[in-house]
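Me: Hi! Could you walk me through this one while I have it open?

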Amino acid sequence: MSLAQYKKKRKFSKTSEPKPVVKKSKAGNIYSIQEHHARNLHWDLRLEKDGVLMSFAIPKKPPKKVGLKRLAVQTEDHPLDYAYWKGTIPKGEYGAGEVKVWDRGKYKMLDQKKGKKYIIDIKGKELKGKYALIKFRDKNWLFFKMKN
Ligand code: MN
């Protein structure tokens, strides 16, 4: 896995975001969602996979109920330390604005078709239960809660 894109988008002399280091957590299944007050408010879903965080930007509040489908735009993989990072990305830098941790926990991969479909069991405080991430076009995925 590579963090080349992550690195390329940022100036680490200006931003205090985590450095691009590939590493695994002990259990290897960190989940988090950050609330990112960038130009457009959005929520960033992070799922640990193979030493990085698979990342998706969700323009609307993540769904807690079955039946609400959300667009999730895949973004560049992020380093593991990003999962619980909070702070303010300086004005003029990529993603400028405040980042807060909205939810945190673990997840379990229930089913996957790499790069196309992930069915996961989220064990967070805000989101709990079975969720689907289904790719439908380019970087665009659907994120929704499933019936258990
Ligand atoms: Mn973001």
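Reply: Happy to. Let's begin with aspartate 50, which counts as partly exposed at 38% relative accessibility; with a 1.4 Å probe and protein chains only, buried means under 20% relative accessible area, exposed over 50%, and partly exposed in between. Please keep in mind that this is a predicted model, where local features need pLDDT of at least 70 and side-chain atom pairs count only at pLDDT 80 or more, while totals for chains, interfaces and linings use all residues. Residues are numbered from 1 along each chain as its sequence is written, and side-chain values use heavy atoms, with hydrogens and water left out.

Me: Thanks! Where does aspartate 50 lie?

Reply: In the loop between β2 and β3 (52-58). Strands here are DSSP runs of E, at least two residues, and helices are runs of H or I, at least four, numbered from the N terminus. The phi of aspartate 50 is near 55 degrees, a positive value in a residue other than glycine.

Me: Which other aspartate has a positive phi?

Reply: Aspartate 138, at about 45 degrees, although it is not a glycine. Its place is in the loop between β8 (128-137) and β9 (140-145). Aspartate 138 is exposed, with a relative accessible area of 62%.

Me: On to the metal. What coordinates the manganese ion?

Reply: His36 through ND1, His42 through NE2 and Asp44 through OD, at 2.1 to 2.3 Å. Donors are N, O and S atoms within 2.8 Å of the metal (3.2 Å for Na, K and Ca), and since water is not among the atoms, sites may look incomplete. Along the chain, the manganese donors follow the spacing H-x5-H-x1-D.

Me: Are histidine 36 and aspartate 44 buried or exposed?

Reply: Histidine 36 is buried, with a relative accessible area of 8%, and aspartate 44 is buried too, at 5%.

Me: How big is the largest pocket, in volume?

Reply: About 470 Å³. Of its 25 lining residues, the closest to the centre are His36, His42, Thr75, Tyr94 and Gly95. The volume is the space filled by probe spheres set on the points.

Me: Which elements supply the lining?

Reply: α1 (4-9), β2 (41-49) and β4 (69-78) each supply at least two residues, and the largest share, 5 residues, comes from β4.

Me: Zooming out, what is the secondary structure of the chain?

Reply: It comes to 1 helix and 9 strands, running α-β-β-β-β-β-β-β-β-β from the N terminus on. The C-alpha atoms fill a box of roughly 45 × 30 × 30 Å along the principal axes. Buried residues make up 45% of the 148 residues.

Me: Last one: what does valine 101 touch?

Reply: Not counting residues up to four places away in sequence, valine 101 touches Ile33, Gln34, Ala83, Tyr84 and Trp85, where contact means heavy atoms within 4.5 Å. Valine 101 has its place in strand β6 (residues 97-113) and is partly exposed, at 27% relative accessible area.

Conventions: 1 Å grid on protein atoms, 1.4 Å probe; cavity = no way out; pocket = protein on both sides within 12 Å on 5 of 7 lines; lining within 4 Å.
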